[in-house]
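Here are my notes from going through the model, point by point. Have it open alongside as you read.

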Amino acid sequence: MKNAALFEQAKKIIPGGVNSPVRAFGKVGGTPRFISRAEGAWLWDVEGKRYIDHVLSWGPMILGHLHPEVMDAVIGQAKTGMSYGAPTKLENEMAEIVCDAFESMDQVRFVSSGTEATMSAIRLARGYKGRDIIVKFEGCYHGHVDSLLAKAGSGALTLGIPDTPGVPASVVSQSAVLPYNDTEGFIEFMRSHGAEVAAVIVEPVAGNMGVIQAKEGFLETLRKETLECGALLIFDEVITGFRFCFGGMQRLVDIQPDITCLGKIIGGGLPVGAFGGRREIMSLLAPDGPVYQAGTLSGNPMAMAAGLATLRVLKREDPYGRLEKNMNMFMDGIVSIAQKRQVALSVNHTGSMGSIFFGPGQVDNYEAVTVSDAAMYALFFHAMLERGVYLAPSPYEALFIGVAHGDDILGASLDAVDASLSEIA
């Protein structure tokens, strides 16, 4: 069956034809590719075309598709049961390896998605502090939680207004939305409203407006001001957890948040999320405390098996230095090709995730992202797709490399970049 026919069929029975909006190719146009199988760094669509995968299921497949140890763990667990609704030893083992990797965590609770993790972390923070206001930053996405689907109001230092129909204004009225990387603006807000703030939530490396690194001193200021105001600091490491090192970005920047949210890699490709922190905070969760949170498939043994196998491989093999070296080479190659082809673009990258922005100047905040050339990215995306390279179908998402992206595969991707930029220049 053809991709186009499947998409037309899907649109009749699934809203927009997809189960997550970005898959619909709305930001780049054209027809989504329906994937039939994957292996290593490769995807195949239903028409039999092969693609180098730089999406990696939006980050989780750091070891590549069908990694043998992960597959053995999943198949072995499936043979003994896929869900029990009761505790398993696997949950204990996963909690131990995660807490050992994060100095800021005494306890962790597993859920089924990153959205559940951030939603639960926000509820826990409000319950712990007895305050209502949550501070988030423009361009940082923390899942489709009502209170976090807020956009900035008329000024930089105003409380949020709903960013989507279906979210009452009252729900986001206690969410403050500030510019990412605006250290002085954050200080000003906290000096005025800090006593009302329950928590500040941030991606330590933003990954949902493209990849935007925190400027020097920004994360340190968040930690300092939250401590002074008695607010909690929540790191959303759903993307960054185990992506740059065995642990989170917090280890690399030497900052301990009060609560950390995880997902993606810790499920090894299966649905998962987690949030954890100090014992005194986590003890407020039911059944020990009054803050309620529950989930039928939380700690699902299939996800625990896949995640545990993935983390054990990462801990044993420690591929992070090689991944960073490969990404540096890959991004330097893109910049060099762009200069040769006289195409204005910039790249941002940290570890093994990065972004390409078309247009002059460096991109370091949400406003700069929104004025980058999205139309040029769409042309580039389709030129790459035709040459067998699958990038994120949006200019505002990250690209990834993993253990399975060897020199030959990255070289093939760079050859496609050269040909694509030559075509669209």
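**Notes on the fold**

1. Let me start with a pair of residues facing each other across two strands: Ala-38 sits opposite Leu-43 of S2. Bear in mind throughout that this is a predicted model. The strands involved, S1 and S2 (residues 42-45), run antiparallel and are joined over 4 bridges.

2. That pairing belongs to an open sheet of 4 strands, ordered S1-S2-S3-S17, and the pairing in it is mixed. S1 (35-39) and S17 (389-390) are the edge strands; each has a single partner strand, so one side of each has no neighbour in the sheet. Helix H14 (residues 407-424) packs on this sheet, where it touches S2, S3 (50-53) and S17. The direction of H14 makes about 105° with that of S3.

3. Now the hairpin. S15 and S16 are antiparallel partners over 6 bridges, with 2 residues between them. Gly-351, in the turn, has a positive phi of about 55°. Further along the pair, Val-347 is opposite Ile-356 in S16. S15 is largely enclosed by the rest of the structure, because 5 of its 6 residues are buried.

4. Which residues touch the most other members of the largest nonpolar core? They are Ile-334, Leu-345, Ile-356, Phe-358, Phe-380, Leu-391 and Leu-421, out of 43 residues in that core. At least two core residues come from each of S2, S3, H11 (320-341), S15 (345-350), S16 (353-358), H13 (374-386), S17 and H14. H13 gives the largest share, with 8 residues.

5. Phe-358 is worth a click. Leaving aside residues up to four places away in sequence, Phe-358 touches Val-343, Ala-344, Leu-345, Ser-372, Asp-373, Met-376, Tyr-377, Phe-380 and Leu-421. Another core, of 34 residues, lies apart from the largest one; Phe-110, Leu-262, Leu-311 and Val-313 are among its members.

6. Last, a helix pair. H6 (residues 183-193) and H7 (residues 218-229) pack at about 5°, and their axes are 10 Å apart. Angles under 35 degrees count as roughly parallel, so that is how H6 lies relative to H7. On the H6 side the contact uses Thr-183, Phe-186, Ile-187, Met-190 and Arg-191. Facing them in H7 are Phe-218, Thr-221, Leu-222, Lys-224, Glu-225, Thr-226, Glu-228 and Cys-229. Sorted by class, the contact between H6 and H7 has 6 nonpolar, 3 polar and 4 charged residues.

How values were computed
Residues are numbered from 1 along each chain as its sequence is written. This is a predicted model: local features need pLDDT of at least 70, side-chain atom pairs count only at pLDDT 80 or more; totals for chains, interfaces and linings use all residues. Side-chain values use heavy atoms; hydrogens and water are left out. Axes are lines fitted to C-alpha atoms, for helices over the stretch in contact, and angles run from 0 to 180 degrees between N-to-C directions. Angles under 35 degrees count as roughly parallel, over 145 as roughly antiparallel, 65 to 115 as roughly perpendicular and the rest as oblique. Contact means heavy atoms within 4.5 Å. Ala, Val, Leu, Ile, Met, Phe, Trp, Tyr, Cys and Pro count as nonpolar, Asp, Glu, Lys and Arg as charged, and the others, Gly among them, as polar. Two strands pair if DSSP finds at least two bridges between them. A nonpolar core is a set of buried Ala, Val, Leu, Ile, Met, Phe, Trp, Tyr and Cys residues joined through side-chain atoms within 4.5 Å. Buried means under 20% relative accessible area, exposed over 50%, partly exposed in between (1.4 Å probe, protein chains only).
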